[in-house]
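This report describes selected local features of one protein chain.

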Amino acid sequence: MQADEMESSMESPNLEFEYGDTDSLTTELSEIYSYTEEPEFALNRDYFEEDFRSHVRGRRWIELGQEQQKAYVMRLLDALEVTDRDKRLKVARAILYLAQGVFDECDTDADVIHWSRHNVFLLYDMGIFTALLELLSMEMDNNQACSSTVRKPAISLADSTELRVLLSIMYLMVETIRLQTEDDRPEWSTAREAFKTELGLCVCSPLYNGEPFALLLFTMVTKFCSMNAPHFPMKKVLLLLWKTILFTMGGFEELQEMKVRGRERLSLPPLPEDSIKVVRSMRAASPPASAMELIEQQQQAKRGRRSRRPLVKQDSLDTYNERDPFKNDDARDEEEDGEEADSGIEGEVDPLDSDVIIQPPPPPLRPPTESASLPKGLPWAPKVREKDIEHFLETSRNKFIGFTLGNDTETLVGLPRPIHESVKTLKQHKYVSIAEMQIKREEELQQCPMTLGEEDVDETPTEILYLGMLPNLSQYVIALLKLLLAAAPTSKAKTDSINILADVLPEEMPITVLQSMKLGIDVNRHKEIIVKAISALLLLLLKHLKLNHIYQFEIVSQHLVFANCIPLILKFFNQNILSYISAKNSICVLDFPHCVVHEMPELTAESLEAGDRNQFCWRNLFSCINLLRILNKLTKWKHSRTMMLVVFKSAPILKRALKVKQAMMQLYVLKLLKIQTKYLGRQWRKSNMKTMSAIYQKVRHRLNDDWAYGNDIDARPWDFQAEECALRESIEKFNSRRYDKNQNGEFAPVDNCLQSVLGQRVELPEDFHYSYEMWLEREVFSQPIQWEGLLQQAQ
């Protein structure tokens, strides 16, 4: 495995990958279908044409006018309400063919996308989505289908036909309407906003029993993971859930805009930079050498001339590293993280114990165009928290004047001039986050509930979804992580694990080598898409909840941590990550809409092995970045969770991920390495100078953060339980104050007048009038009353 990694890392080029909310529209539409569903395209067309020709003779769909198309869709809508299950399925397939773009009447992929878009807006306008939702609820509550599949030894595509058809139509509608294009008609823009409101802000709508549509899909996920409905097509459910949340809440660009507006509303200074633009402008760094490469370099050095290079002062290396810190190929700069032995050759000078160091070879000359394109300075503006300034002043006062002034950051009396300059610099880079303001406001509301009164909470889609998820939040999180574990390529097949392949396995298993290869590619592709959907879904949820209220984010984060999300993500990365990112588990000629427009070429084992010509797999690189971002969000500013990274030996796993030459992925790996560097020991830091240089160059600096040393290790005991319990207490207080309807019971006025209390009219049930004599006999007359005891208690 190490030899494979060495070979692949030496050949890995820079990846031209642009991170975004989703991949291209055609790719996102094609991933809803498995390759084993390919015969159903023709089935959908046949059912549509059979019904269409019986009502509209001698004309094609694309030749009809708008009113005629509406009339036909209305006829299909009426036919969906028949009681015959098979007839309903045929009508649903005809509707699916319309949503797929009546591909038999199109000549190119672009024509299919055009007519799919036209038909989807038409279907929404005619109320098809509401009808589909009712059918989906019926299928979810179909206990007969659930019980029969539970007893079946093997579940296949045939067990989820109705659900797959319904979910495919709904996914096509959500994904198509979600995307805004330049040539959209005005009525389409209006329909988009209406649909977005319908999906996300439907508290008062009886459509989803007063719940957001995403909550219905979360229920399907938990029902599947509890083994009560093993036939549910999970890939389609997860994709639809992800796109619903993306549509109703907004993607990364919308999040950035919401963050800017939120800071303006709180009168906070603007963001120092646009993080999306900064990350996109970054360049990938050369990956650190692996152990095999180091051994090879050492052997070559021994075989070559053994003349020692001249010794120079440390300043020469600093100047050299500023030019390009990634060109130093000294074997001592890298070793595998688990090793504690010194990797330097015996007899060499230790660069950290002496003021001299072996001079590296001069860097090769570069064309002037490349050097001109290098970014000047560090990419991120440094940040300082209020807490950091307070800590700095507390330390300085203890040192120079012998006492502290609490949280006072203004009084500098008695402190020397350099400390004044330091405090001035720290305050220049002070950054107050929205989360800090929310925590401060929450503390005020907890302390003065009567004075400050009720909090005004905006009914945003995020707030509504959180309120709906809160009672079963842990179940939703555990279900998503179970699916992620089952779909991870490093997971071993177990008899008790959930079966996520129910909607990809055909009724008849393959009998030829070609069929087996095709099914193997389909299964791997199926798992990759599930990982992509779950990683994007979790990241979106965390980011939106953090912006909505920090404690909403914290409770989801805590559920993820308690459900072992951190070791699960590390297990996911404990593989040859370069092979995973360059995997070719797709067959281009079978992707929609190519497979329904063009002639199908003959598939051979060689063509399947060759795969596509892409340099990398977009969805796998997207999934890796999402999982790294989730891991960063879970561990940021959490000492106990950072120590979990150290305990689980994440450093060597993360270092291997640096071999992927993509700037955004390297950034989030380096962030995770930075927060645990001080706990990895001096030997690790000495042996990984390239990684340290990369952290310095790419990750944001906190001015008084000694991440590269570790001076405060002894002062920071690791008490995981205490930290998490304190956080949980704050979360429960927040939820109780904001969402508990009976929270103000102790503050409600009390009527102390005996006459008015006894004179109040009490509503009694109707049957009480018929049985009140029996009630008096049973509850009053037959019960002995100890009057002396009552009198003693009253005294």
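## A partly exposed tryptophan and its patch

Trp-775 has a relative accessible area of 36% and is therefore classed as partly exposed, a class that lies between the 20% and 50% limits. The model to which this value belongs is a predicted one. Trp-775 is located in helix H38, which covers residues 768–781. Together with Val-780 and Phe-781, Trp-775 makes a nonpolar surface patch of about 300 Å².

Helix H9 consists of 18 residues, 161–178. The distance from its first C-alpha to its last is 26 Å, close to the 26 Å expected at 1.5 Å a residue. Is helix H9 mostly covered or mostly open? The helix is mostly covered, with 18 of its 18 residues buried.

Leu-133 belongs to helix H7, which spans residues 128–140. This leucine is buried because its relative accessible area is 2%. The C-alpha atom of Leu-133 is separated by 8.6 Å from that of Met-170, a residue 37 positions apart from Leu-133 along the chain.

## Salt bridges

The count of salt bridges in the model is 39. One of them joins Glu-28 and Lys-243, whose closest N and O atoms are 2.9 Å apart. Glu-28 counts as buried because its relative accessibility is 0%. Lys-243 likewise has a relative accessible area of 0% and is therefore buried.

A further salt bridge is made by the side chains of Arg-385 and Asp-388, at 3.5 Å from N to O. The relative accessibility of Arg-385 is 17%, so Arg-385 counts as buried. Asp-388 is also counted as buried, because its relative accessibility is 14%.

Lys-733 and Glu-729 form a salt bridge in which the closest N and O atoms are 3.7 Å apart. Where do the two partners lie? Both are in helix H36 (residues 720–739), and they are four residues apart, about one turn of the helix. In general, an α-helix has 3.6 residues a turn, so residues three or four places apart point the same way.

Lys-733 is partly exposed, as its relative accessible area is 45%. Glu-729 counts as partly exposed because its relative accessibility is 45%. Elsewhere, salt bridges that share partners join eight residues into one network: Glu-28, Glu-31, Glu-175, Arg-178, Lys-243, Glu-528, Lys-532 and Arg-619.

## Backbone geometry in loops

Most residues other than glycine have a negative phi, and most peptide bonds are trans. Which peptide bond is cis? The bond from Phe-592 to Pro-593 is cis, with omega near 5°. Pro-593 is found in the loop between helix H27 (577–581) and helix H28 (594–597).

Met-227 has a positive phi, near 70°, and is a residue other than glycine. The loop that holds Met-227 runs between helix H11 (213–225) and helix H12 (234–249). With a relative accessibility of 38%, Met-227 counts as partly exposed.

Ser-267, which is not a glycine, also has a positive phi, of about 60°. Ser-267 is placed in the loop between helix H13 (252–265) and helix H14 (275–281). Its relative accessible area is 67%, and Ser-267 is therefore exposed.

Terms used
Residues numbered from 1 in each chain as written. Predicted model: local features only at pLDDT ≥ 70, side-chain atom pairs only at ≥ 80, totals over all residues. Heavy atoms only, no water. Helix = DSSP H or I, 4+ residues; strand = E, 2+ residues; numbered from the N terminus. Expected span 1.5 Å × (residues − 1). Buried < 20%, exposed > 50% of the residue type's maximum accessible area, 1.4 Å probe, protein only. Patch = residues over 30% accessible without salt bridge, like charges linked within 9 Å, V, L, I, M, F, W, Y side chains within 5 Å. Areas by Shrake-Rupley, 256 points an atom, 1.4 Å probe, with all protein chains shown as cover. Salt bridge = Lys/Arg side-chain N within 4 Å of Asp/Glu carboxyl O.
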